[in-house]
Amino acid sequence: MWRASHPGGTVTYRDLGASPVPHLDTHGGLARIIPPEQHTTHQAVSWKRSQQLIDELKRADTILLGLPLYNFGPPSSVKAWVDHVVVGGLSVDYERGEGLLGGRELIVLAARGGGYAPGSPRDGWDHAQLWLPHGLALTGLQPRFIVAELTLAEVDPAMSEFIPLAQKSRADAERAVDELWRPAAIAA
């Protein structure tokens, strides 16, 4: 649907699972509090990586982020990406207290192997969806979540009774994705 609604649009693809950005280490953390002209070689490399990632976001009108749930939280590769894009002077203006990446649509396609919906036994255990809006808040990005639950039901025999719920959750998520960029004439 997006390509049909944006025939002249371009897509930049980054696979954080296949090619994760490195986690922040001491050098990377210090690069965020030391003026760039004083960076060591290692700090400069980390700073440049953050600049590149933030420039990708600044060129985007829409950001689509796949977010699986690993052990009740986000994959460390997504956390590392967030650590690299929350940077004073690049994505956050601390003096004015505002994010520099606002005005972009951030759609998060979340997948959960189990069930974490309100009222379920594991309601509140999904720390990825709870964390991400806070993790990116300083940048001005505000995620909109589309969630598919029980994605392991069809492959885990112990979850087979949940297959109908899993199919409904997936269908609901697919419908929500289809509605994102549906032309107004079709949506009416």
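Here, exposed means over 50% relative accessible area and buried means under 20%, with partly exposed in between. With that in hand, here's a quick look at the salt bridges in this predicted model.

**The Asp-93 / Arg-96 / Glu-98 network**
- Asp-93, Arg-96 and Glu-98 are tied together in a network of salt bridges.
- Within it, the side chains of Asp-93 and Arg-96 pair up at 3.4 Å, N to O.
- Arg-96 sits at 56% relative accessibility, so it lands in the exposed class.
- Asp-93 comes in at 18%, so this residue is classed as buried.

**A pair inside helix 4**
- Lys-79 and Asp-83 form a salt bridge, with 2.7 Å from N to O.
- Both residues belong to helix 4 (residues 76-85), and because they are four residues apart, about one helical turn separates them.
- Lys-79 is partly exposed, at 34% relative accessibility.
- Asp-83 is partly exposed too, with a relative accessible area of 22%.

- Arg-112 makes a salt bridge with Asp-126, and their closest N and O atoms lie 2.7 Å apart.
- The two residues are 14 apart in the chain, and both are in the loop between strand 4 (105-111) and helix 5 (127-136).
- Are Arg-112 and Asp-126 buried or exposed? Both are buried.

Note on methods: Residues numbered from 1 in each chain as written. Predicted model: local features only at pLDDT ≥ 70, side-chain atom pairs only at ≥ 80, totals over all residues. Heavy atoms only, no water. Salt bridge = Lys/Arg side-chain N within 4 Å of Asp/Glu carboxyl O. Buried < 20%, exposed > 50% of the residue type's maximum accessible area, 1.4 Å probe, protein only.
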